[in-house]
Amino acid sequence: MESTAPTTQRPVLARAGWLQRDGLLLAALAVLALFPFITSLLSGEAVDQGAPKFFQGLLIQMFIFAVYAMSYDLLMGYTGILSFGHALFFGSGAYMMGIALKHLQWPLLGAVGLVIVVAIVQSLIIGVLSLRVHGVYFAMVTLAFAQVAFLLATATDFRQWTGAEDGLQGIPVPALVSPTDNRLRFYYLALVFMVIMYLLARRIVNSPTGRVLVAIRENENRATMIGYNVFVFKMIAVILAGVFAALAGSLNALWNLNATPTVLGLDMTIEALLMTIIGGVGTLIGPMLGSGVLTILGYWLNATFGRNWLLILGVIYVLLVLFLPYGLVGTWRRQSARFGPGGWRELLRRTRS
Amino acid sequence: MSALLSVEDIHTFIGQSHILEGVSLQVDRGSITALLGRNGAGKTTTLKSILGLTPPRAGRVVFDGQTLNGRRTFDIAGLGIGFVPEHRAVFRDLTVEENLRIAERRKGDLARKADFIYGLFPDLKRLNKLKGGQLSGGQQQMLAIARSLVPDNRLLLIDEPSEGLAPVIIEQMMAAIKTLSEQSTVLLVEQNFIVASQLADRYTLIDDGRLVQTGRMADLVQDRATIHRYLGAA
């Protein structure tokens, strides 16, 4: 009897650990899955009408940005590579999706394949040419690449392909995933996309490769001394981040039915940087939360303060960075590690006193 | 005994500074060789030159018959050279187990060596889930040495293992190095002459980036004038 006890207990313990670890995430996922119906119930409107439809749109944008921010976290948070040109991948993903559907008239899966291939090629070019330099120098090179892409997108020479400054408008999105035909379906598509990308990213960062990326972030020389070819692993990080961002960009094109030069602009990179910093660098879930904060806070401030909303948003950024230097999730984890499960309450108590 | 590592008249520069001006040393298989010298003599630079972190501009480094000049650091490490840097260079954001597992060159390295490693450093097993940054100085040093034992390294370069540690921890460390030297050859950089003299079979003494002398540790222990002149110890 005694010998069977550990084998019967282990799965229960494993389940309990899994629930404890992912319980909050599952609860959040359940809320997001029911969200359209909750808003419908609260507003008294049909799920595909009025306020429920509007808020679905807000969350769809949030899901897309969540994947985009997560991709930046893979690069900056886990590998320690600062990039000022991450919009290149997001924007290129959007444009490639648009060009494949509108001009090449490819099926959706083919378009997704093109998005991935182009992102890998871009990552390889940037990696080979720039990964020899470090820190802010790498960041400046990536900025230059993104600006080149921005200029190409706005150039009149390629107007028939990109729409130049007007952008690529009226992307013919297949009916199955069309946000105009069925927004609720698109909502669930975006939600599933975000969840899959998160699980994939989590699998990557928890894999041996992910541990090496963290080791490189901490000390490149040390990782080399153990026997790792740091260049190859940094290249892997750039490719993964590039593909994640490009897929987010491609979904953004499907959602907006267009791809405009703004998706390639510096502002788009700064968005990723802000979402990652506000949510918590190197936490994966933090940047996703950051995208939520930025999207929802942006909407609320705009609705409440009108045209001054950006000024107030700027002040909030500064306050968040000053008082939560590790971001929302980063600070939470640090306090939990320091004071135990009630760490967050302890932090609030100390802040008040 | 045959030489596992030969460093032949290497000259290493850091920027414009000529740091090593003709250092030579030999590490025999199965031995512990101490690289001795004052602060700033060039001991750590010698280790880094062997590993290709600060590649020598002249001279030759030969490991087990293979010339290391021109090879990249990860490649040199892959040949079976483990480096334990000074200042307890653990990965602070990785757990103890992850710090060990990351050093695997083949899947299952850690599992195969677990008994040996945890036998040398029993504390590490207990602290397995803690992050590297949460360990004490002595525990970090143990982890740094343990990490170098995970793959099948034939040569270990250990830089200042006793630096900043309490005497009781130094004794544990010395016992561990003695035990692990039964499996790997060791090149030890050590400022503490008492520690070095108790561990090493042979020594190489350098000063101002130049080779002073090399020989059996038992002979150096008797040579108080040299010890006093170059190491400042009586």
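1. How far apart are the end C-alpha atoms of helix α11 (residues 266–279) of chain A, and what should its 14 residues span at 1.5 Å a residue? The end C-alpha atoms of α11(A) are 20 Å apart, which agrees with the 20 Å that its 14 residues should span. The expected span is 1.5 Å times one less than the number of residues. Helices (H or I, at least four residues) and strands (E, at least two) are DSSP runs, numbered from the N terminus.

2. The buried residues of α11(A) are Met268(A), Thr269(A), Ala272(A), Met275(A), Thr276(A), Ile278(A) and Gly279(A). Buried means under 20% relative accessible area, exposed over 50% and partly exposed in between (1.4 Å probe, protein chains only). After the helix comes Gly280(A), with a positive phi near 130°.

3. This is a predicted model, in which local features need pLDDT of at least 70 and side-chain atom pairs count only at pLDDT 80 or more, while totals for chains, interfaces and linings use all residues; side-chain values use heavy atoms, with hydrogens and water left out. Residues are numbered from 1 along each chain as its sequence is written, and chains are lettered from A and ligands numbered from 1 in the order in which they are written.

4. On confidence, pLDDT is the predictor's value for each residue, from 0 to 100. Chain A has a mean of 90, with 89% of its residues at 70 or more; chain B has a mean of 91, with 99% at 70 or more. In chain B the lowest is helix α7 (residues 167–180), at a mean of 87, and the highest is strand β4 (residues 58–63), at 96. For the complex, the predictor gives an ipTM of 0.87 and a pTM of 0.88.

5. Residues 1–12 of chain A should be read with this in mind: their pLDDT stays under 50, and the model gives them zero contacts beyond four places in sequence. Contact means heavy atoms within 4.5 Å.

6. Chain A has 15 helices and zero strands. Of its 353 residues, 48% count as buried. Among its contacts between residues at least 6 apart in sequence, 71% join residues at least 24 apart.

7. The second largest pocket has a volume of about 540 Å³. Of its 19 lining residues, the closest to its centre are Phe65(A), Glu271(A), Leu294(A), Thr295(A) and Trp309(A). Helix α11 returns here: the elements giving two or more residues to this lining are α2 (50–78), α11, α12 (285–305) and α13 (309–323) of chain A. On a 1 Å grid over the protein atoms alone, a pocket is an open set of points with protein on both sides within 12 Å along at least five of seven lines, and lining residues have an atom within 4 Å of a point. Grid points are joined across faces, edges and corners, and a volume is the space filled by probe spheres set on the points.

8. Two residues other than glycine deserve a look. Ala164(A) has a positive phi near 50°, lies in the loop between α6 (159–162) and α7 (183–205) of chain A, and is buried, with a relative accessible area of 0%. Asp208(B) also has a positive phi, of about 50°, but is exposed at 52% relative accessibility; its loop is between β9 (202–207) and β10 (210–216) of chain B.

Key: 1 Å grid on protein atoms, 1.4 Å probe; cavity = no way out; pocket = protein on both sides within 12 Å on 5 of 7 lines; lining within 4 Å.
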